[in-house]
Structures are given as C-alpha cells and as structure tokens.
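Try each task before reading its solution.

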Amino acid sequence: MGKVVPATEENIKLGAKLLAEGRLVAFPTETVYGLGAVFCLEQAVARIFEVKRRPFFDPLIVHVASKEEVFLLWREVPREVEVLLSRFWPGPLTLVLPRKETVPDIVTAGLDTVAVRIPAHPVALKLIQYCGFPIAAPSANLFGHVSPTQAKDVEEDLGDEVDLILDGGVTSVGVESTILLFREGDFYLLRPGGVAVELIEELLGRKVILRRGFSGPTLAPGMLKTHYAPRVPLYIFEGAVEELGRVNLENIVVLSPFPPSFSGDMVFVLSEKGDLKEVAFRLFAALRELERKRVKKALAIPVPEVGLGRAIMDRLKKASRGVARLVDGELVFVESK
Ligand code: TXA
Ligand code: MG
C-alpha cells in the first residue's frame with residue numbers, strides 16, 4: 001500500500017491505530033499538513049524530530065479535539081484565554097500556557113509551557129478522537145522548508161519516513177496558526193497566522209504585545225530569519241509596481257497578490273481580486289510550484305501588514321533572500337541573509 005491514502009473513514013481509523021502504536025501519521029488541518037505522534041509516546045515524538053531534521057530545541061504544538069482535553073496539558077485556563085478559545089476554536093489559533101507534568105520534555109523542548117490548538121478540519125478531529133490521545137504535530141515538511149498544503153508536498157519532503165499520509169485535499173487557510181503566549185496577564189504574539197491579531201485585540205479589548213519587543217526565553221523558530229525557505233532565490237520588491245512593467249524581467253517570475261498593470265508569462269497572480277485570504281491560501285503552493293519549475297529567480301510584490309497580511313509578509317520575509325529595488329530603471333537585488 002502506498003503512503004498516501006485518501007482520508008476515508010477506514011483510513012482515518014487506520015491512522016489512529018498506527019498513532020496509538022507509536023507510528024507517525026501525516027494529516028490535513030485547515031492551515032497546513034501536520035506530522036503527528038501521540039503526545040506522550042516519547043520515542044514516537046523523538047522520531048518526528050529525526051524525520052523532519054528538526055532541532056530538539058524547537059517545541060511542538062499539541063492538537064486536541066475538544067476543550068476538555070486541554071486539562072491534560074495546561075495547569076489552568078485563565079478567563080481571558082477562555083474567551084479567546086470560545087471564539088476561535090476550532091481554528092488557526094494556538095495558545096501557549098504553563099504545562100502539566102504529564103507533557104514530556106521532548107514535546108516542549110524543556111520549556112515549562114505547552115502550545116495547544118483544536119484544528120478546524122474534520123479529518124484531523126476524527127483522527128484525534130479515534131486515537132483517543134492529544135497529537136503532537138509540527139508542520140509536515142523538512143525543517144526550514146515551505147510548509148505543505150497538500151499530501152504530495154508531504155510525500156516529497158518526508159515520504160519515505162512517514163508511516164501514513166492521509167490525503168484530505170488542499171488545506172483551506174494555507175498559512176500556519178497564529179501563536180499567542182499568555183504570561184503574567186499579557187498576550188504576546190509569537191507567530192502571526194490564520195487568525196488576524198486585530199480580531200483578537202478587538203475581542204479582548206486590548207493590545208497584543210508584538211513579538212519584536214519580546215525578549216523572553218521562549219524562542220519560537222518562527223523567529224529564525226530563514227524559515228519556510230523555498231529552494232528558489234526570492235526577493236521582495238520595494239517600489240512602485242507599475243514601474244516593473246518597464247523593466248526587463250527575463251528569467252524572473254513575479255509573484256503578485258493582485259493582477260498587476262503589466263502582464264506576461266512570468267507573472268504569477270495569487271488572487272485575481274487581490275483578496276488576502278486567497279493570497280494566503282495559495283502562497284506556499286506557489287512557492288513550491290516555483291521550485292518544481294526550477295525557476296531561477298522570483299520577485300514577490302508585498303501586501304500591507306494588516307490582518308492576514310501580517311502572516312503573509314512574515315512568511316514572505318522568511319522565504320526571501322533580501323529585497324529588490326529599481327535603480328535607474330534597473331532591478332538591483334540586495335541580499336540580507
Ligand atoms: O498551523 C499550525 O500551527 C501547524 C498545524 C500542523 O497545526 N503547525 C505548525 O507547527 O505550524 P510547527 O511546529 O511548524 O510550528 C510550531 C511553532 C514553532 O515555531 C514552535 O517554536 C512554536 O510553535 N512553539 C511550540 N511550542 C511552544 C512553546 N511552548 N513556547 C513557544 N513557542 C512554541
Ligand atoms: Mg513548521
């Protein structure tokens with residue numbers, strides 16, 4: 001039997017059985033595909049790190065199917081956190097809170113907190129329910145590579161080493177969850193993602209502290225400068241988009257969040273309507289497509305850093321080598337990493 005199987009009822013049950021036996025199963029969530037192991041089976045969790053070539057200092061998110069299960073993981077749920085969970089779960093929001101002793105060190109990289117979310121995807125939810133345990137799962141890509149939004153992406157990165165890949169089609173959100181740390185009464189943004197920070201602030205009636213100003217011990221690898229990097233040199237364009245129409249773009253693919261005023265074979269439009277949801281949905285697939293086509297160089301047109309745009313720009317910056325600017329009508333590429 002192949003590794004990739006359709007996410008039928010029967011195969012989800014098979015996946016749950018494999019997980020319970022300590023094997024690794026990749027599964028779809030609404031954000032990206034995850035590579036799962038039962039959270040308390042330490043050897044299985046250790047294999048996640050091996051398979052992904054992920055450093056052990058990089059903690060995992062634990063996925064649950066119901067709010068009751070968080071009591072296996074967190075010491076308590078503060079009232080304001082409860083407000084967030086009631087509104088955004090199931091969904092692309094991960095909360096980081098002090099953990100219980102039941103959570104092994106390997107899951108949290110020795111931190112005294114654990115990251116938890118309920119994914120909004122029927123396959124993920126059934127898998128967790130049938131298995132009967134919370135599932136620790138990072139994105140199912142090789143460490144540092146673009147996150148997978150479809151089963152074939154997982155197969156390409158990890159195919160030989162995963163025990164089963166449940167194919168549930170293309171993921172609907174396309175970027176990973178928003179990660180919030182709650183500490184001493186404040187919320188810190190560790191990673192922008194599928195839930196816009198503005199929505200969280202509106203619900204809480206106060207500001208979330210942006211990661212930039214946070215120098216606590218909690219290192220989220222999202223903080224590493226190159227992460228999600230495609231194997232294609234990508235640069236973020238700084239300047240007036242119209243002017244690109246007058247430039248020689250030979251051998252350069254332009255990744256644009258909206259249809260630009262110029263056209264060409266090399267323009268890859270992420271959303272005909274310039275809709276940020278659609279841009280997020282297509283972004284990682286587009287980056288992987290550039291790799292498959294062995295594109296030599298790509299230029300990304302930025303979006304405003306508000307709403308989902310914050311997550312999109314975060315991923316683009318991490319995927320890029322630097323910026324490109326127009327100087328005397330010529331494109332100049334400036335490497336910053
Ligand atoms: O949408 C998602 O969140 C996907 C799907 C599969 O759920 N998962 C995902 O996991 O993106 P991963 O491992 O690729 O990214 C998880 C991030 C890492 O940057 C990690 O450092 C951070 O979560 N993280 C996990 N536990 C943490 C903790 N206790 N404190 C701070 N950051 C934590
Ligand atoms: Mg990841």
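**Exercise 1: helices on the sheet**

Helix 9 (residues 309-319) lies across strand 12 and strand 15, running at about 125° to strand 12. Here contact means heavy atoms within 4.5 Å, and axes are lines fitted to C-alpha atoms, for helices over the stretch in contact, with angles from 0 to 180 degrees between N-to-C directions. Helices (H or I, at least four residues) and strands (E, at least two) are DSSP runs, numbered from the N terminus.

This is a predicted model, in which local features need pLDDT of at least 70, side-chain atom pairs count only at pLDDT 80 or more, and totals for chains, interfaces and linings use all residues. Residues are numbered from 1 along each chain as its sequence is written, chains are lettered from A and ligands numbered from 1 in the order in which they are written, and side-chain values use heavy atoms, leaving out hydrogens and water.

Task: find which strands helix 8 lies across.

Solution: Helix 8 (residues 276-292) lies across strand 12, strand 13 (252-256), strand 14 and strand 15. Its direction is at about 155° to strand 14.

**Exercise 2: the helix pair**

Task: describe how helix 8 and helix 9 pack.

Solution: Begin with the geometry: the angle is about 20° and the axes are 9 Å apart. That makes the two helices roughly parallel, a label for angles under 35 degrees. Next, the residues: L276, V279, A280, L283, F284 and L287 of helix 8 meet G309, I312, R315, L316 and A319 of helix 9.

**Exercise 3: a strand pair**

Task: how do strand 12 and strand 15 run?

Solution: Strand 12 (residues 234-238) and strand 15 (residues 297-300) run parallel, joined by three bridges; pairing requires at least two DSSP bridges. Within this pair, I236 stands opposite A300.

Key:
Angles under 35 degrees count as roughly parallel, over 145 as roughly antiparallel, 65 to 115 as roughly perpendicular and the rest as oblique.
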